[in-house]
Amino acid sequence: MSGNVQLLNDTLAATRSEGRAALIAYLPAGFPTVDGGIEAIKAALDGGADVVEVGLPHSDPVLDGPVIQTADDIALRGGVRIADVMRTVREAHEATGKPILVMTYWNPIDRYGVERFTAELAEAGGAGCILPDLPVQESALWREHADKHGLATVFVVAPSSKDARLAEITAAGSGFVYAASLMGVTGTRESVGAQAEDLVRRTRATTDTPVCVGLGVSNAAQAAEVARFADGVIVGSAFVKRMLDAPDDAAGLEGVRALAADLAKGVRGQA
């Protein structure tokens, strides 16, 4: 069974041909429950997201701020397992036909087994993985199995990355490059800043792979700002916050759908 890296590539090529950035939403599996998390992801896609990253909840996330940490804690306390993550990917993809990736730290994959993880993700219809803490120089085993199963390998670059390091990272990755807009953890911010634009410019000098920006985007105006210079706009904490702040699950789903619609206008320059 081959994964959906080609669907991801085609989706990003299509948004580029439309003269706009892709909207990439992030939501953790198992939050607020496994079923509820699947519905939240479908709501984000129904609202206008082009791609979804499904977070694999982790007890010690190095990139995630307090909002996503809270959601991860709820999911972990609820007993979420990797099998639930795979089910989330499968049902979200089957319901929408859109590319679904998993964002995960390396330790859970290492413990689960690289071959087993990649085979199951491909079988579930996944498009690939975002691996924020896997060093490129230690990624050969992962990339071998990801390539075999038709999965993208998305690495993260940061404003601190030197040009030579950017070239090394982009040469090894596929699907898209995740450009962290600033030094720090995920969360909503007042502005995304000039660092992100400079990082995209430097990253693009090393690759033709799409460059998508995450960390800090929470509203249509910020999405429009990032969409001017990036191939994709990644939004996570703002979606999770809509769920956390909602009085009930139905309101949370409506909040996610509404935010996706608002952000979709932003990436299309309609905000």
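Analyst: Ile 24 is placed in strand 1, a strand being a DSSP run of E with at least two residues, and a helix a run of H or I with at least four, each kind numbered from the N terminus. The model is predicted, with local features requiring pLDDT of at least 70 and side-chain atom pairs pLDDT 80 or more, while totals for chains, interfaces and linings use all residues. Residues are numbered from 1 along each chain as its sequence is written, and side-chain values use heavy atoms, leaving out hydrogens and water.

User: Why is Ile 24 called buried?

Analyst: Buried means under 20% relative accessible area, exposed over 50% and partly exposed in between, with a 1.4 Å probe and protein chains only. Ile 24 has 0% relative accessibility, so Ile 24 counts as buried.

User: Which residues does Ile 24 touch, beyond those up to four places away in sequence?

Analyst: Contact means heavy atoms within 4.5 Å. Ile 24 touches Val 51, Glu 53, Phe 176, Cys 212, Val 233, Ile 234 and Val 235. Val 233 is 209 residues from Ile 24 in sequence, yet their C-alpha atoms are 5.9 Å apart.

User: What makes strand 1 and strand 2 a pair?

Analyst: Two strands pair if DSSP finds at least two bridges between them. Strand 1 (residues 22-28) and strand 2 have five bridges, in the parallel sense, and Ile 24 stands opposite Val 51 in strand 2. Strand 2 (residues 51-55) also pairs in the parallel sense with strand 3 (residues 100-103), over four bridges. Across that pairing, Val 52 stands opposite Ile 100.

User: Why is strand 2 described as largely enclosed?

Analyst: Five of the five residues of strand 2 are buried, so the rest of the structure largely encloses this strand. In a regular strand the side chains alternate between the two faces of the sheet. On one side of strand 2 are Val 51, Glu 53 and Gly 55, on the other Val 52 and Val 54, and all are buried.

User: What is the order of the strands in the sheet, and how are they paired?

Analyst: The sheet is open, with nine strands in the order 5-4-3-2-1-9-8-7-6 and parallel pairing. Strand 5 and strand 6 (156-157) are at the edges because each has a single partner strand, which leaves one side of each without a neighbour in the sheet.

User: Why is Thr 153 called buried?

Analyst: Thr 153 lies in strand 5 (residues 152-154). Its relative accessible area is 1%, so Thr 153 is buried.

User: How do you know that Thr 153 and Trp 142 make a polar contact?

Analyst: A polar contact is a pair of N or O atoms within 3.5 Å, where, within protein, one must be able to donate a hydrogen and the other to accept it, and residues adjacent in sequence count only if both atoms are side-chain atoms. The side chains of Thr 153 and Trp 142 are joined by such a contact of 2.8 Å.

User: Why is Glu 39 called partly exposed?

Analyst: Glu 39, in helix 2 (residues 34-47), has a relative accessible area of 36%, so Glu 39 counts as partly exposed.

User: What makes the peptide bond from Phe 31 to Pro 32 cis?

Analyst: Omega for the bond from Phe 31 to Pro 32 is near 0°, and the bond is cis. Most peptide bonds are trans. Pro 32 is in the loop between strand 1 and helix 2.
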